Amino acid sequence: MTTADAGVQIGYPPARPVDPELELGPDARLRSGSVLYGGSRIGARFETGHNVVIREQCEIGDDVSVWSNTVVDYGCRIGDGVKIHTNCYVAQYTDIGDGAFLAPGVTLANDLYPGREESAEVMSGPAIGAGAQLGVNVTVLPFVRIGEGCIVGAGSVVTRDLPPKCVAYGNPARVRGTVDGLVDICQRIEADDASASRFTFSATASADREGRV
């Protein structure tokens, strides 16, 4: 059974000439201010935060969550089990693989030369591989392919393709290692009982900032 708060709009009519029918799977949880345009297909157990917009002609799998103040523009494909956090923008024609995660503030672009007609004709969002993890405020440029299982560090700007299971960060983002080579998190942090944030970097990790992602 779908549960929708007051103020949710399901099947909002798209202005573009597309099939206006919305397919929404069972057991959705839609919070106030969310708008689902007609013309998309959304799987089971879809969940939104507040003020989420899902445009037309999107294909969204099962068990997907999209949190508050995020926009998924038209023509996107999102796989099963994807989690998109708050304040994200997913540009038109983006492809996100199963189990990927977008942290707060991730922006996915699709227009290489904004304002130019020839660029508008080939608009294409990035393709995010299955299980990839994009950190806070990551920006990914058009046409970029991020491989399966990648970790992209916070604040990075991804301008070129990244191979599977790499760790990349920076502006522009560069490959710095592999997921399999990451130092165990327990070796990098220590408890901080005096703070609500609970943990801090250990003295060893603070002396070696190159280990951060």
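Guide: Start with Tyr 12, which counts as partly exposed at 33% relative accessibility. Buried means under 20% relative accessible area, exposed over 50%, and partly exposed in between, with a 1.4 Å probe and protein chains only. This is a predicted model, where local features need pLDDT of at least 70, side-chain atom pairs count only at pLDDT 80 or more, and totals for chains, interfaces and linings use all residues. Residues are numbered from 1 along each chain as its sequence is written, and side-chain values use heavy atoms, with hydrogens and water left out.

Visitor: How many aromatic pairs does the structure hold?
Guide: A pair of aromatic rings is described by the distance of the centres and the angle of the planes. Rings of Phe, Tyr and Trp (its six-membered ring) pair if their centres lie within 6.5 Å; planes under 30 degrees apart are stacked, over 60 edge-to-face, and the rest tilted. The structure holds two such pairs. Tyr 12 and Tyr 37 have ring centres 4.9 Å apart and planes at 55°, so this pair is tilted.

Visitor: Which strands hold Tyr 12 and Tyr 37?
Guide: Strands (E, at least two residues) are DSSP runs, numbered from the N terminus. Tyr 12 is in strand 2 (residues 9-12) and Tyr 37 in strand 5 (residues 35-37). Tyr 37 is buried, at 17% relative accessible area.

Visitor: What is the geometry of the pair formed by Tyr 74 and Tyr 93?
Guide: That pair is edge-to-face, with 5.8 Å centre to centre and 85° between the planes. Tyr 74 lies in the loop between strand 11 (71-72) and strand 12 (77-78). Tyr 93 lies in the loop between strand 14 (89-90) and strand 15 (95-96). The pair therefore ties together parts 19 residues apart in sequence. Tyr 74 is buried at 13%, whereas Tyr 93 is partly exposed at 38%.

Visitor: Which charged end sits over the ring of Tyr 74?
Guide: A charge sits over a ring if NZ of Lys or CZ of Arg is within 6 Å of the ring centre and within 35 degrees of the ring normal. For Tyr 74 it is Arg 16, 3.8 Å from the ring centre. Arg 176 sits likewise over Tyr 169, at 4.7 Å.

Visitor: How many disulfides are found?
Guide: A disulfide is a pair of cysteine sulfur atoms within 2.5 Å. The whole structure has zero. For Cys 76, the nearest cysteine sulfur is that of Cys 58, 4.6 Å away. Cys 76 is buried, at 2%.

How values were computed
Helix = DSSP H or I, 4+ residues; strand = E, 2+ residues; numbered from the N terminus.
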